[in-house]
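Please read the points below with the model open beside them. They are set out as a colleague's note, and each takes up one local feature.

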Amino acid sequence: MIVLCLAVVLQVSTDSITLEQALERAVRDRGAVEAAAAGVAEARAAVRSAGAVTNPAASFSYSESPPTRHLTVDQPLDWLLRRGADRAAARAGVARATADSAQALAGLLRDVRAAFYRARAARLAEELVLAQASLADSVARIAGARLRAGDISLLEQEQAAQEAARARQTASSAREATLVVEAELARVIAADGTPPHASGRLDAGLDQLPDTTLDLSGIYSVRSASADSALAALELRSAARRRVPLPSLTSGVEWGDPTQPGALGLIGIALPLPLWNREGGPVEAARARAVRASALAREARLDARRQARETRIHLVAAAARARFDRDTLVPAAGSLRARAVRAYRAGETGILPVLDALRGERDIALAALQDQLAFQEALADWYALSGPPR
């Protein structure tokens, strides 16, 4: 009874939230989502500026000898060779930014799922410990009645009272843990004010696992590495084309000659001469970056294959443990505790079997909650790798 009163005093009025609501709120309110979208927008803007036509350069000069005035316009043409490769490289940058944005969103959803189920597990653990504390108080009252009747010794009654006190301490720790993880849930979903408490089944999805076949090319890290490799290859092509000397087109007019009324037009070309610098260094540097990006893409596929296998193993094993806890261990522990309390009330057994049954049920039930939480975290890891459920 004391524990129940303590829980009422400590209970904070909070709104409940489902997993779907938590995910929706995080996507709507978290700055990480906006930052990821801004990265994609920046990459798309780079496509519009990549390979842009070089602006012409106009020059005016005055001389004392006729013709005295000169106006020329220089139009470089080197962008003609690079434009296609530059725009293709920029589009590869968009692919990379899109993959990074998707990976950031998947990581955010993974954090929300994990925080949500941690908060749910903590609240269920608190409720379990409170129920166990109430049972321990009941056993202590039974022991007090039997002591007054002369059926048991003072030592046995004190053992029962001590177990009830320990249960109250455990309830206090469970309440603290609940408040801490709910504060983390509030941060993850960007909730203001009093943190909401998670509602729903902790074993959701336990009886129907997702399809664990996975195409490695769809994994976000592989997509990012592949986009990097394509980007580096296209940058190498662009750097190689910069070595080709393309002329600049020059046109203009001259006037101010007394012997020649009017203006004289002129047109010509200016051809760069690669005498001192043939752009070999930038090309070799771009080639080295392309080789490195290609190698890192292969490494990313190997790491993704390992990560997929490990995540699949954790998911299947955690689900098996959680199902066994829920369907076998927890019901058996509850039945054993009920029989022990009935036997003690009838005077058929001492206090120690009852205390052992109470502690055993509490430990098994708390372990079952942790196994279900481990399953939900493994499921969150799988969705972060394969993409959210459809």
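1. At 51% relative accessibility, phenylalanine 60 counts as exposed, because the threshold for that class is over 50%. This residue belongs to strand β2, which covers residues 57-62, and together with Tyr62 and Leu71 it makes a nonpolar surface patch of about 340 Å². Please keep in mind throughout that this is a predicted model.

2. Helix α3 (residues 31-49) has 19 residues, which at 1.5 Å a residue should span 27 Å, and the distance of 27 Å between its end C-alpha atoms agrees with that expectation. Just after α3, glycine 51 takes a positive phi of about 70°.

3. Which residues of α3 are buried? They are Ala36, Val40, Ala43 and Val47, and because they cover an arc of only 55° around the axis, they sit on the same side of α3. An α-helix has 3.6 residues a turn, so residues three or four places apart point the same way. The cover over the buried residues of α3 includes α4, whereas Glu34, Ala35, Glu42, Arg48 and Ser49 are exposed on the other side of α3.

4. Valine 27, in helix α2 (residues 19-29), has a relative accessible area of 35% and is therefore partly exposed. Apart from neighbours within four places in sequence, valine 27 is in contact with Val33, Leu105 and Leu109. The C-alpha atoms of valine 27 and alanine 106 are separated by 10 Å, although these two residues are 79 residues apart along the chain.

5. Turning to charged pairs, the count of salt bridges comes to 20. One of them joins the side chains of arginine 96 and aspartate 228, with an N to O distance of 2.0 Å. This pair links distant parts of the chain, since arginine 96 is in helix α4 (residues 79-148) and aspartate 228 is in helix α6 (residues 220-241), 132 residues apart. Arginine 96 counts as partly exposed at 24% relative accessibility, and aspartate 228 counts as partly exposed at 28%.

6. Where do the two partners of the salt bridge between glutamate 163 and arginine 359, with its N to O distance of 2.8 Å, lie? Glutamate 163 is in helix α5 (residues 154-188) and arginine 359 is in helix α8 (residues 351-386), so the pair ties together parts that are 196 residues apart in sequence. Glutamate 163 counts as buried, because its relative accessibility of 3% falls under 20%, whereas arginine 359, at 28%, counts as partly exposed.

7. A further salt bridge is formed by the side chains of arginine 326 and aspartate 203, at 3.1 Å from N to O. Here arginine 326 is in helix α7 (residues 280-345), while aspartate 203 is in the loop between β4 (197-198) and α6, so that distant parts of the chain, 123 residues apart, are linked by the pair. Arginine 326 counts as partly exposed at 23% relative accessibility, and aspartate 203 counts as buried at 8%. Salt bridges that share partners join Arg201, Asp203, Asp207, Arg326 and Asp327 into one network.

Note on methods
Residues are numbered from 1 along each chain as its sequence is written. This is a predicted model: local features need pLDDT of at least 70, side-chain atom pairs count only at pLDDT 80 or more; totals for chains, interfaces and linings use all residues. Side-chain values use heavy atoms; hydrogens and water are left out. A salt bridge is a side-chain nitrogen of Lys or Arg within 4 Å of a carboxyl oxygen of Asp or Glu. Helices (H or I, at least four residues) and strands (E, at least two) are DSSP runs, numbered from the N terminus. Buried means under 20% relative accessible area, exposed over 50%, partly exposed in between (1.4 Å probe, protein chains only). Patches are made of residues with over 30% relative accessible area and no salt bridge: like charges are joined within 9 Å, nonpolar side chains (Val, Leu, Ile, Met, Phe, Trp, Tyr) within 5 Å. Accessible areas come from the Shrake-Rupley method with a 1.4 Å probe; for residues, only the protein chains shown count as cover. The expected span of a helix is 1.5 Å times one less than its number of residues. The arc is that of the directions from the helix axis to the C-beta atoms. Contact means heavy atoms within 4.5 Å.
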